[in-house]
Amino acid sequence: MKHRVAITGIGLVTPVGLTTQATWQQLLQGQSGLGPLPEEYGLHDYPVRAVGLVKGEQELLSTVLPTKYHSRTERFSQLALLAGAQAMQQAGWSKDVPTDRYRFGSYVGVGVGGLEGIAQAAQDFAQGGPKRVNPFVIPKIITSMAAGWLSMQFNLQGPALATASACASSADALGLAFRAIRDGYADYMLAGGSEACAIPLTVAGFGNIRALSTWQGEPAAASRPFDANRSGFVLAEGAAMLVLERLEAAQARGATIIAEIVGYAATADAYHLTAMHPEGQGAIAALQLALADANISPEQVGYINAHGTATPMNDAQETMILKKVFGEHVLPARLDHAVVSSTKSMTGHMLGAAGAAEAAFCALALRDQMVPPTINLTTPDPACDLDYVPNQARQHGLDYAVSNSFGFGGSNTVLVLKRAQ
Amino acid sequence: MSFNREDTLSKVVGIIAEKLSLPAANITEASTFKELGADSLDIVEIIMSFEEAFGIEIKDEDAEKIKTVGQAVDLIHGARTK
């Protein structure tokens, strides 16, 4: 028997805002969370100028994690806890709510993990030898530890694991959590993603692949999806956690249902380390399979939250892919066409956390019937000619929304969400 | 340069207070690490901090014998004043 899957809680900790409410309000106002690279990064002679950092979260950390544990958790686990706490609170769950705890798991998508801790430990070892490696290093840096901490803090005794597919990591976490509930393997899931590796090393790493925006002006203008003057993504950090449960259970206990997840598909391009397949075959298949999984036709989709990283290649490719899947339904000339936007224009690219954050934005768009904009879209690119909701959020009647995530290694993940009735 | 035991004690208490997020006033020579809420990983980390702070080396077999704050002070003070 297949269960319908509801979203009953959303937690967001992003460069745009420390809470779901703050983030969503800022997105609808077209506000960017991006800023200059901190002075102490020492990257003055490097062409990258902008980064998306979460601000002000340290004051809140003690509300979700005793001070004693702060130095033994990496930032990605801390952000996951902050987001997880918001989601659990909204869903009305606490550590003590009785239910079969083995049927409440946590899946956290993490693309990179504790890179800062690894770099520090490597330095300590090089300078002081093996006796100088802190005993908390390994438990801190491993990618599954965000799920481990959520499990400990909220007493979740179902599967606690990390999913990794680069920039699609947390889209896959949500998709697999959706399936676990739909197919009866779990009753509740706390699922999403977290990433916090925006240290100088990471900036250099992505910069040297030429994936990062080299916009030399205002950092808030550096992320320019679909714009003719785009030059890459802006590295960011953040966390997005969602509570998923069976729709009937949510209704029975009177929980607020934000939206439903109705479809999920994942494919791989089997093509190149970082570039997408030139004909987009893997992404096209993922979209078609996800729509089929949701049992809907392309014409029923009102909004597509694009992967939209603002690399010259992705945005043109993704446009071509959307046209292949949605046909005339996504062309601006059509009345009631599907609209597309990239919230990465405001949040930057949160890597492992991006997929879940963007699915959350789809859920909120369905709830509020409002689509967030693509900001910094000032010079159209002929290869990108869809309706990207430029610069201003828009009221838009929506029943279904789709979220795309494409990752290094060729992963293509698509989630389909439906308005709660 | 000579150190008195008080100095060693107060530094040891400071390190434990920081690592376990406890008020220094709660830590006495008689306190056992277990009472103070230190688990096995905490103790390894605390011993490493002692080594760094005092510029000494504490052998594993000596570290294993430390059960109370006072015993830690004795061991460290002994190494400092060699």
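Analyst: Let's go with the buried residues of H4(B): B:Val69, B:Ala72, B:Val73, B:Leu75 and B:Ile76. "Buried" is when 20 or more other C-beta atoms lie within 10 Å of a residue's own, "exposed" is 12 or fewer, and "partly exposed" is in between, with C-beta atoms placed from the backbone. Looking down the axis of H4(B), you'd find those buried residues within an arc of 165°, so they line one face of the helix; the arc is that of the directions from the helix axis to the C-beta atoms.

This is a predicted model, where local features need pLDDT of at least 70 and side-chain atom pairs count only at pLDDT 80 or more, while totals for chains, interfaces and linings use all residues. Residues are numbered from 1 along each chain as its sequence is written, and chains are lettered from A and ligands numbered from 1 in the order in which they are written.

Now the helix itself. H4 of chain B covers residues 69-80, twelve residues in total, and reaches 16 Å from its first C-alpha to its last, close to the expected 16 Å. That expected span is 1.5 Å times one less than the number of residues. Helices (H or I, at least four residues) and strands (E, at least two) are DSSP runs, numbered from the N terminus.

And what covers the buried residues of H4(B)? The cover includes helices H1 (5-20), H2 (40-54) and H3 (60-65) of chain B. Contact here means C-beta atoms, placed from the backbone, within 7 Å.

Notes
Contact = placed C-beta atoms within 7 Å.
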